[in-house]
Amino acid sequence: MFTTLEKPAEPTAVGVDLGSAGTRIWASGCGTVHVANPAARGSGPVVRGRITEPETMRVLLSGLLDDPRRPFPPGAVVVACRPVGGDAGVEPALREVMTTVFAPQRLLLIDTVRAAAIGSGVAPGPLLIADVGAHLTEVAVLAGGVTIAAHRRDVGLHDRTGGTDPDAAIVAAVSDLIGQVRRSRHRPEAVAAAVRGGLLLVGGGASRPGLGARIAGAAGIAVRRPPAPQLTAVRGAGLAALSAMRRSAPRP
């Protein structure tokens with residue numbers, strides 16, 4: 001008599017993007033879930049890319065995972081987005097929340113701009129990318145899947161400068177940050193190639209009417225945006241989790 005052994009369940013691949021305005025989770029077999037963060041326009045659980053209210057974020061994420069309509073098995077491979085240029089406390093706080101909520105089999109962090117590039121499905125090669133969010137604006141050059149130059153400005157869609165033009169500060173920030181990455185001395189050939197290819201605009205700001213055209217005029221560079229630009233980072237983090245899961249899977 002033979003006993004049929006059940007095949008162990010494959011772990012879930014999970015991508016997480018904790019933004020100031022909202023939290024997004026992508027999970028294999030479940031799709032994407034997005035919820036607005038409480039008090040996103042003022043102080044909230046995430047401010048300028050840093051988790052400032054860990055318990056609030058843990059409750060929010062746990063509530064999403066407990067939804068009976070989206071069964072979520074334990075032991076996931078989790079890839080979480082982190083902003084570039086964060087202070088020393090950003091990464092430990094992010095790891096602590098991810099570990100407490102997901103109890104993952106494996107936890108990896110990825111630059112938000114790199115995740116967005118993966119989620120955009122852009123062709124290989126040097127890439128200039130700008131991520132405009134609620135509280136942060138990041139500009140980076142990627143080459144070979146690596147961030148080779150990156151800068152940020154603590155200004156975003158929810159900031160109010162007191163003037164009649166709500167986008168002026170963002171346009172100025174992106175233009176200035178592009179200038180900074182252009183002056184990078186690390187792999188200047190790749191930086192130059194990325195700039196020649198134009199700017200990929202992602203994040204919530206990419207959906208703001210007219211913002212891309214204004215950035216193009218101010219920076220003197222072509223600007224394009226992918227479909228659903230606000231979801232590129234979480235989608236890319238999820239794809240990175242799938243890749244990590246497949247690389248670590250035992251071979252038959």
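Let's start at G121, which sits in the loop between α3 (112-120) and β8; helices (H or I, at least four residues) and strands (E, at least two) are DSSP runs, numbered from the N terminus. G121 is exposed, with a relative accessible area of 60%, where exposed means over 50%, buried under 20%, and partly exposed in between (1.4 Å probe, protein chains only). P227 is 106 residues away from G121 along the chain, yet their C-alpha atoms are separated by 9.9 Å.

A word on what you are looking at: this is a predicted model, in which local features need pLDDT of at least 70 and side-chain atom pairs count only at pLDDT 80 or more, while totals for chains, interfaces and linings use all residues. Residues are numbered from 1 along each chain as its sequence is written, and side-chain values use heavy atoms, with hydrogens and water left out.

Stepping back, the protein chain has 7 helices and 12 strands. Of its 252 residues, 47% are buried. Among contacts (heavy atoms within 4.5 Å) between residues at least 6 apart in sequence, 66% join residues at least 24 apart.

Now follow the chain into the sheet. It is an open sheet of 5 strands in the order β10-β9-β8-β11-β12, with mixed pairing; two strands pair if DSSP finds at least two bridges between them. β10 (146-153) and β12 (223-224) stand at the edges with a single partner strand each, so one side of each is left without a neighbour in the sheet.

Helix α4 (residues 168-182) lies across β8 (127-132), β9, β10 and β11 (199-202), at about 145° to β10. That angle is taken between N-to-C directions on a scale from 0 to 180 degrees, with axes fitted to C-alpha atoms, for helices over the stretch in contact.

What holds the most contacts inside the largest nonpolar core? Its 26 residues include L128, V139, V141, V174, I178 and L199, which have the most. Such a core is a set of buried Ala, Val, Leu, Ile, Met, Phe, Trp, Tyr and Cys residues joined through side-chain atoms within 4.5 Å. α4 gives the most to this core, with 6 residues.
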